[in-house]
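Look at the two chains side by side.

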Amino acid sequence: MNKFIFGQYLPGTTLIYRLNPLLKLITAVLLIIASFVNHSWIGFVILLVICGLLIRMSKVGWKFFLKGTKFFIYIILLTSIIQVLFSKGGQVYWHWGIFTISSFGIHIATLAFFRFLIAIVVLTIYLMTTDPADIAQTIQGICYPLKFVGVNLDDIGLVAAIGLRFVPTLTDEVTNIKNAQKARGIDFQKQSIFSRIKSSVAIFVPLFMNVFRRAEQLASSMILRGYTDGKKRTHLRQLKWSKFDSLALIGVMIGFCGFILIFCI
Amino acid sequence: MEIKLKHVGYTYSLNSPLEFTALQDINLAFPTGKFTAVVGKTGSGKSTLIKLLNGLELPTTGEVTVGDQVITNRTKAKQLKQVRKNVGMVFQFPENQLFAETVLKDVMFGPLNFGKSENEAKELAEKWLAEVGIQASLFEQSPFELSGGQMRRVALAGVLACEPEVLVLDEPSAGLDPAGNQNLMQLLKKLQTERGMTIIMVTHSMENVAEFADQVLVMKNGKVIADETPRELFSDSQSLVELPEASQFYLKLMKSRQFNNELPITKNELIKTLVKQFGQKGDQYE
């Protein structure tokens, strides 16, 4: 099983799961915008508290959440450190060769760190608590205007839904193939880059063979069940927009506008 | 080479919302040179169990002993290579592991990984391809041009060419026709009897268990609920598993379990029993 939880859906029943996926997407985008236009420390504290509340609401458990996002937190930390070392301006505290630590560098690096941290946390929560099929449908809904310029949205939606549906299947398949090759003595650790690339061939060739076979079978079974393109499609799962969603949206909008007014202007 | 499991437990995604205990307190031994079948419903932990036998998964608790090497959850990846050389593993639908340009190169992949020279690997590959019944004319073909049955045999040769002492197979005959199944099972039996290999096989076919296995493990909800010979298992009146067709046929015929002779478990035994019971010239049949 994978420890990497970014983008993985965890089925659940708490409030955050029952909200309309479009509302959740809007909220996530607004939170990210807010963190990117914000300059004040109190603003970041508020946003982080909101993130914390959302993690709590999703009931996935702090430990699990941290374990899953650790990788991204390291990456963000690394970029921030690089930013500190290479930015010049303001008061200079330390200087050696091409490296400089200055007040300006520290300031923008900290800002960047919090912004990316909030973005990653918000996106992880969104993807963890929203069914992939609903995400696909929501995105299809957002792209609705494109229909008037001749884009076939039903096909794109279908492709997106199938793509998301097969992510866990293919993850399992990679694990299986990897195990089979490990049993034949492949050693992924302790190898030079060159032989690592060479041994990855033993994973990717069978994987692609399987993907093509699967795609062919899926296409046949869709045709056999009467799928044709170009027809107006209805959806098995209707996304409902409840009164509560409207209220929540109004709340989110008010909160967002208030936040912008207080901290960013 | 003997494999022993002591208080072995295995949990997937420990400490996460997806936590799932697949095995609990398993204690057993796979004796050297024996053919052991592992049966049980889907989700009973069979596949997890066999992944522990060559270190693809490390036990969450307890220890697995392969020959003289002990595997626990603290075992380092480096130490597992020798275990993987000794314990060959054939997964479900092993044809999915084929990748090289030619059949021969694919079979050479394993031996090369385990440190054999190019020439030695080639020799091993040719020897084992012949053993599984692949003609020399196919050696230079792409493995993807072969038929399903041939691909499976090439994949099997790919594992056997690593010369393991123990061979573990996960439903090796799934999707094969009856003749293919029979060929494969006879090959496994031959490896056991002629080369003294230890065979461990997960299967759903009680006919194969009855005909080929020396020992059978029954798994249920992550626990081993029976570890005995096929005859003991099938003769038990509160049978834990579905009986082989031959036994089912005989029980239906007799309408009760009240009979003097042993319950036949294979087709040959059934024929012999029926001839003895109902035929007049039983010896003529033999």
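**Starting from one threonine**

B:Thr198 is buried, with 23 other C-beta atoms within 10 Å of its own. Buried here means that 20 or more other C-beta atoms lie within 10 Å; a residue is exposed at 12 or fewer and partly exposed in between, with C-beta atoms placed from the backbone. This is a predicted model, where local features need pLDDT of at least 70, side-chain atom pairs count only at pLDDT 80 or more, and totals for chains, interfaces and linings use all residues. Residues are numbered from 1 along each chain as its sequence is written, while chains are lettered from A and ligands numbered from 1 in the order in which they are written.

Where does B:Thr198 sit? B:Thr198 belongs to strand S8 (residues 198–202) of chain B. Helices (H or I, at least four residues) and strands (E, at least two) are DSSP runs, numbered from the N terminus. Now find B:Phe35. B:Phe35 and B:Thr198 are 163 residues apart in sequence, yet their C-alpha atoms are 6.1 Å apart in space. Leaving aside neighbours within four places in sequence, B:Thr198 is in contact with several residues, among them B:Met1, B:Phe30, B:Glu165 and B:Val166. Contact means that the C-beta atoms of two residues, placed from the backbone, lie within 7 Å.

**The sheets of chain B**

Step back to the sheet around S8(B). Six strands of chain B form an open sheet in the order S6-S7-S8-S3-S9-S10, with mixed pairing. Two strands pair if DSSP finds at least two bridges between them. Which strands lie at the edges? The edge strands are S6 (87–90) and S10 (223–228) of chain B, and each pairs on one side only. Neighbouring strands of this sheet are turned by 15° against each other on average, direction ignored. Axes are lines fitted to C-alpha atoms, for helices over the stretch in contact, and angles run from 0 to 180 degrees between N-to-C directions.

Look at one pair in detail. S6(B) and strand S7 (residues 166–170) of chain B run parallel, joined by four bridges. In that pair, B:Val87 stands opposite B:Val166 in S7(B). Helix H6 (residues 178–195) of chain B packs on the sheet and touches S3 (35–40), S7 and S8 of chain B. The direction of this helix makes about 150° with that of S8(B).

Chain B also has an open sheet of four strands, in the order S2-S1-S4-S5, with antiparallel pairing. Its edge strands are S2 (20–30) and S5 (69–71) of chain B, each pairing on one side only. Here neighbouring strands are turned by 25° against each other on average, direction ignored. Within the sheet, five bridges join S1 (residues 3–12) of chain B to S4 (residues 61–66) of chain B. B:Lys4 has B:Thr65 in S4(B) as its bridge partner.

**Two domains in chain B**

Chain B is divided into domain 1 (3–242) and domain 2 (243–286), with bounds that come from an automatic or database domain assignment. How far apart are the C-alpha centres of these domains of chain B? They lie 33 Å apart. Across the boundary, 11 residues of domain 1 of chain B are in contact with eight residues of domain 2 of chain B. On the domain 1 side, helices H7 (206–212) and H8 (230–235) of chain B each give two or more residues.

**Over to chain A**

The two chains meet through 24 residues from chain A and 28 residues from chain B. On chain A, the elements giving two or more residues to this side are helices H4 (62–86), H7 (153–183) and H8 (193–224). H7(A) gives the largest share, seven residues.

Follow chain A further. The unreviewed UniProt entry places "transmembrane region" at residues 25–55, 64–86, 106–128 and 246–264 of chain A. Such annotations may be inferred rather than shown by experiment; feature names are shortened, and positions are given in the numbering used here. Residues 25–55 of chain A are 90% helix and 0% strand, with end C-alpha atoms 16 Å apart. Residues 246–264 of chain A are 95% helix and 0% strand, and there the end C-alpha atoms are 26 Å apart.

Four bridges join S1(A) to strand S2 (residues 99–102) of chain A, and the two run antiparallel. A:Val92 has A:Ser102 as its bridge partner in S2(A). Two residues lie between the strands of this hairpin, where A:Gly97 takes a positive phi near 60°.
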